[in-house]
Amino acid sequence: MKANSYQRLRQVSLAVLMAAMSMQVVAEEEVLPEYTFMDAIKTGKNMTSFRLRYEHVDQDGLQPATFANGSANPTANRELDNANAVTLRSLIGWQTAPYKNWSFAAQITNVSKLKDDFNDSTNTVRTNGASNESDRINYAKVVDPDYTDINQLFVDWTGIKNTRVRAGRQAINLDNVRFIGDIAFRQNTQVFDGVSVFNKTLPDTEIYLAHFDRVRQIFTTHRSGDLEIANARYRISPTEFLVGYGYFSNFENLGLGNAWFGQGALNNTFNNLLADQSNKILGVRLDGTHPFTPNYRAHYTAEYAKQTDYKGGDNRIDAHYYKVGGGFGIDNFNLRVDQELLSSNDGQYAFQTPFGTNHLFQGWVDKFLVTPRQGIKDSFITATYKYGDFLFFVDYHDISSDEDFFTVNGGATANGNRYGREWNAAVTWNIDKNWMTKFEYGKYTEDDQYAAGPNAVTNGATNRARFQDTEKLWLTAMYTF
């Protein structure tokens, strides 16, 4: 009797509990507002920021130049004028929250010159639209031209679990941005037009695939071609990764002329025809920070890549890349030592990274945005320290070649292998979640005086090749919404 009563009581209690839960669900559904497209817009992501920068460049060396009509510039054998640039970059944009698996993003960019005592590099003969043809060409370069354009414009679709498909103009930053990056340091960034897919279906694995047929460079030039990207990253731990990648570029001309190439393929002379720059890069990267305790950690990197010609690219494109290094961290202090090699193919070609954020490598003074044909071996030490809202950074680079190079006044003997030395320092103050200010300084000192080849030693064009002493200073203030 008691057992039956207990059973009935348990059934009644369960029924009451289920009824109560059902009422709660109904009540919650009743108070939830209907999710609309307007809600997706209002709850989206702000893509707006304003960055004001002063850049000063003090560069040794001569400025070989001609006027647009081909006549000699009487000021061609003078020291470059120091550059003083004040520019404001405005990025204004918004990305909606997902609505029925779709979201939309639009961002415009404007770069305005507030002080334009600099060569913005948009024209090799005349720049900045100066009425006097020598007004700007003898200034040192600051590659921040006036410009207004659509910076990003894309649609995201997330209808497949753990997958995002993005179509349109987009900024991309992969790994340490050595091979693929948006060059965010410059006021005009690099963006790509096409389709990308990001997938996280496999455990601890991120796969990025993309096809792009157009790139806008920091010079504001739009170039057409084909770029396929495959990048797979496996998470060993929350701070350690193994990455495999392939980058397949069928851009015949990226605006660098034959700066990539030396003597060889055509009649064993300097190639006066435009060589096809199509190439592929295959590589693997092991990188991370391994914590031993909350206060002590080890940093390490080991990376190797091979670059060869691709789809009709010049057959001199054959070089390899490595980066090895490591260090340690104690509390807010980090120190590491690294070496990076971009090898040379017997002086005919050196490993190139035309889609990377090259400003961050081989020093900030940007002497080696295009790898010299004799290659680069960069051995460097880096230290950082965080104190409250301040981040302090310093590094030192010893930069040499992979193969010996001809030197100015050195005759036809390859007798140099040291490009120079550079050190950089920065202090960043993150004032609050919106405001950031930064001071940066870089100084490059030339060692052996580089000449492009035996012809360059005797034809009076040696100053075009030398990597001469240069100092740069940047003051930046940025507000991000």
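**Group meeting: pockets, strands and cores in a predicted model**

Residues are numbered from 1 along each chain as its sequence is written, and side-chain values use heavy atoms, with hydrogens and water left out.

The space in the second largest pocket is about 1,200 Å³. On a 1 Å grid over the protein atoms alone, a pocket is an open set of points with protein on both sides within 12 Å along at least five of seven lines, a cavity is a set where a 1.4 Å probe fits but cannot get out, and lining residues have an atom within 4 Å of a point. Grid points are joined across faces, edges and corners, and a volume is the space filled by probe spheres set on the points.

Now the strands, which are DSSP runs of E with at least two residues, while helices are runs of H or I with at least four, all numbered from the N terminus. Two strands pair if DSSP finds at least two bridges between them. Strand 8 (residues 205–216) and strand 9 (residues 222–237) are antiparallel, with 11 bridges. Arginine 216 is bridged to histidine 222 in strand 9. The two strands make a hairpin with 5 residues between them, and threonine 220 in the turn has a positive phi of about 80 degrees. Strand 9 also runs antiparallel to strand 10 (residues 240–249), joined by 10 bridges. That is another hairpin, with 2 residues between strand 9 and strand 10.

What about the largest nonpolar core: which residues have the most contacts inside it? They are Phe179, Ile180 and Ile229, in a core of 29 residues. Strand 8, strand 9, strand 10 and strand 13 (318–330) each supply at least two of its residues. A core here is a set of buried Ala, Val, Leu, Ile, Met, Phe, Trp, Tyr and Cys residues joined through side-chain atoms within 4.5 Å. Buried means under 20% relative accessible area, exposed over 50%, and partly exposed in between (1.4 Å probe, protein chains only).

Phenylalanine 179 is in contact (heavy atoms within 4.5 Å) with residues including Tyr245, Tyr247, Ile281 and Phe355, leaving aside neighbours within four places in sequence.

The largest cavity has a volume of about 70 Å³, and the whole structure holds 1 cavity of 30 Å³ or more.

Isoleucine 183 has a positive phi near 55 degrees and counts as buried, because its relative accessibility is 10%. Aspartate 366 has a positive phi near 65 degrees and is also buried, at 18%.
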